[in-house]
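I opened my notebook to look through this structure step by step. Here is what I looked up, in the order I went.

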Amino acid sequence: MDCRLSCELIVHAYAEQAPSSSARARLYLAIREAIIARRLTPGTALPPTRTLAADLALGRNTVVRVYDQLIVEGYLDSRVGSGTFVSDAVAATAPQQKPRRMVGTRSEGLSRRGCRIAADALSSRVQAGAFMPGFPDVVHFPFATWRKLVAKQMRLEQRHLAQYGYGGYGPLKLVLAEYLRVTRMMSCSPQQILILNGSHQALDLCARMLADVGDVAWMEDPGYWGARNVLAASDLGIHPVPVDGQGINPQEGDWDHPPRLIFVSPSSQYPTGAVMSLERRLRLLEYAEKNRIWIIEDDYDNEIRYHDHPVASLFGLSAAQRVIYVGTFSKVMYPGLRLAYLVVPEDLVEAFTTGNAELYREGRMLEQAALAEFIDGGHFTTHIRRMRGIYEERRDRLIEVLQRHLAGIATPAGGLAGLHIPVHFERPLDDVLLAAQALREGVVMRPLSLYAIDPANRRSGMNLGFAAVPVEQIEAPALKLVRLIEDLLQAGSR
């Protein structure tokens with residue numbers, strides 16, 4: 001069988017796969033089933049990846065990954081200079097049988113919501129290394145101190161810490177209220193603070209308590225995909241609003257259709273790093289009050305800033321109490337802690353506390369008690385001050401390497417706060433393909449284009465996390481990215 005016939009057979013087999021599966025899974029199953037059923041016999045030449053990608057209207061990188069996986073599993077052989085062929089080893093396999101599905105490809109038993117969540121997921125299984133964005137340095141975390149505080153709570157045998165905690169641990173909420181007063185200029189009582197298991201649970205609680213199915217939520221575009229998926233999973237309509245250098249920038253037509261929720265990260269917009277201007281803040285608050293809209297303020301990295309002028313929170317500016325504030329300890333301590341908090345207006349306290357208890361049940365009281373002492377004892381602010389200096393040095397090093405090697409090709413932006421920097425490409429370049437190639441070489445890069453909802457707001461680039469990479473180890477993976485970018489640009493110019 002020649003390449004033309006094998007290509008037609010694969011295209012037909014691909015069309016027979018369940019359309020709810022991902023393109024990569026469908027192609028993998030199509031080729032593997034054809035090999036096992038002997039429709040593609042040992043020694044058969046497979047079509048070149050470019051040809052098959054064009055016939056299936058897929059990205060070439062998708063086809064390359066499927067071929068690579070089948071080669072690793074022994075179904076295909078790659079012969080340098082000749083092409084890719086069905087392995088002769090298949091002839092010695094057991095009698096034909098219906099192949100098992102790849103892990104994660106089953107979808108017919110899912111709800112429509114479940115299918116949507118699985119299909120739209122953008123989180124990576126790789127959550128560490130250069131340059132994973134949003135991942136803090138855990139090497140410098142004072143685990144010895146933390147271990148002593150947790151052990152202290154264990155020794156005291158406080159039985160109430162082994163039970164549910166209605167709204168969270170009281171002493172922790174007390175120290176948090178004081179911390180927010182000093183650092184974020186927020187006036188709130190401890191009763192207004194709810195402790196939850198991570199910011200995603202906090203957003204899910206907001207969606208369930210404040211919005212009904214079909215209500216609209218404004219989302220920054222580009223913006224945090226995690227928040228978008230959590231709100232969409234509650235069957236809210238997602239309306240993308242573009243972001244510029246002053247933060248979220250509603251267009252004239254947007255103002256005419258008030259949403260139910262507005263999700264913003266005003267102190268350091270993710271992923272652009274833009275700081276929302278005071279004019280935009282005041283207008284947004286006025287609009288929310290006039291139209292009875294709830295604003296969800298994500299203050300995910302306010303502690304990690306590299307300037308001496310902290311920006312007041314929207315919560316602190318809102319006299320009408322239309323803002324729900326979301327804070328987290330994942331960026332300043334360690335992600336596995338999975339503790340976050342909401343600050344809600346006074347008239348929502350009882351409903352939110354009840355809703356949280358009914359939907360999720362509170363826990364983690366032992367860690368909450370240790371965290372209260374960690375903050376009250378000054379260890380929290382000491383750790384933050386130390387890490388700011390370490391992170392700033394790493395940020396500056398990464399920017400220096402990129403500017404030295406990619407001047408006129410890529411431009412770093414933002415960088416005033418947080419654990420990442422966005423880098424925009426000044427020339428046409430497929431950032432998704434670049435990310436896949438970089439991952440093969442052990443470098444993690446998040447394509448900026450994937451953060452956009454509306455294609456009109458899509459811009460090619462890289463989101464690079466520098467926080468978990470020691471300064472002396474930054475240049476080597478950065479130079480790998482430089483080489484891959486130069487190779488892609490050269491290939492595109494042919």
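This is a predicted model: local features need pLDDT of at least 70, side-chain atom pairs count only at pLDDT 80 or more; totals for chains, interfaces and linings use all residues.

**Surface first**

The accessible surface of the chain comes to about 23000 Å², and carbon and sulfur atoms hold 52% of it.

**Overall build**

I looked up the helices and strands: the chain has 17 helices and 14 strands. Its radius of gyration is 25 Å, close to the 23 Å from the globule rule for 494 residues, so the chain is as compact as a globular protein of that length. Along the principal axes, the C-alpha trace spans about 75 × 55 × 50 Å.

Then I checked contacts between residues at least 6 apart in sequence. Of these, 73% join residues at least 24 apart.

**Going inside**

How much of the chain is buried? Buried residues make up 51% of the 494 residues. I reminded myself that in soluble globular proteins, nonpolar side chains tend to be buried together.

The largest nonpolar core has 87 residues, and Phe131, Trp146, Phe329, Met333 and Leu464 touch the most other members. Helix H15, residues 379–405, gives the most to this core, with nine residues. I also noted a second, separate core of 27 residues, with Ile10, Ile36, Leu46 and Val63 among them.

Last, I zoomed in on Trp146. Leaving out residues up to four places away in sequence, Trp146 touches Phe141, Met333, Tyr334, Leu337, Glu367, Ala370, Leu371 and Phe374.

Definitions and conventions: Residues are numbered from 1 along each chain as its sequence is written. Side-chain values use heavy atoms; hydrogens and water are left out. A nonpolar core is a set of buried Ala, Val, Leu, Ile, Met, Phe, Trp, Tyr and Cys residues joined through side-chain atoms within 4.5 Å. Buried means under 20% relative accessible area, exposed over 50%, partly exposed in between (1.4 Å probe, protein chains only). Helices (H or I, at least four residues) and strands (E, at least two) are DSSP runs, numbered from the N terminus. Contact means heavy atoms within 4.5 Å. The radius of gyration is taken over C-alpha atoms; the globule rule is 2.2 Å times the number of residues to the power 0.38. Accessible areas come from the Shrake-Rupley method with a 1.4 Å probe; for residues, only the protein chains shown count as cover.
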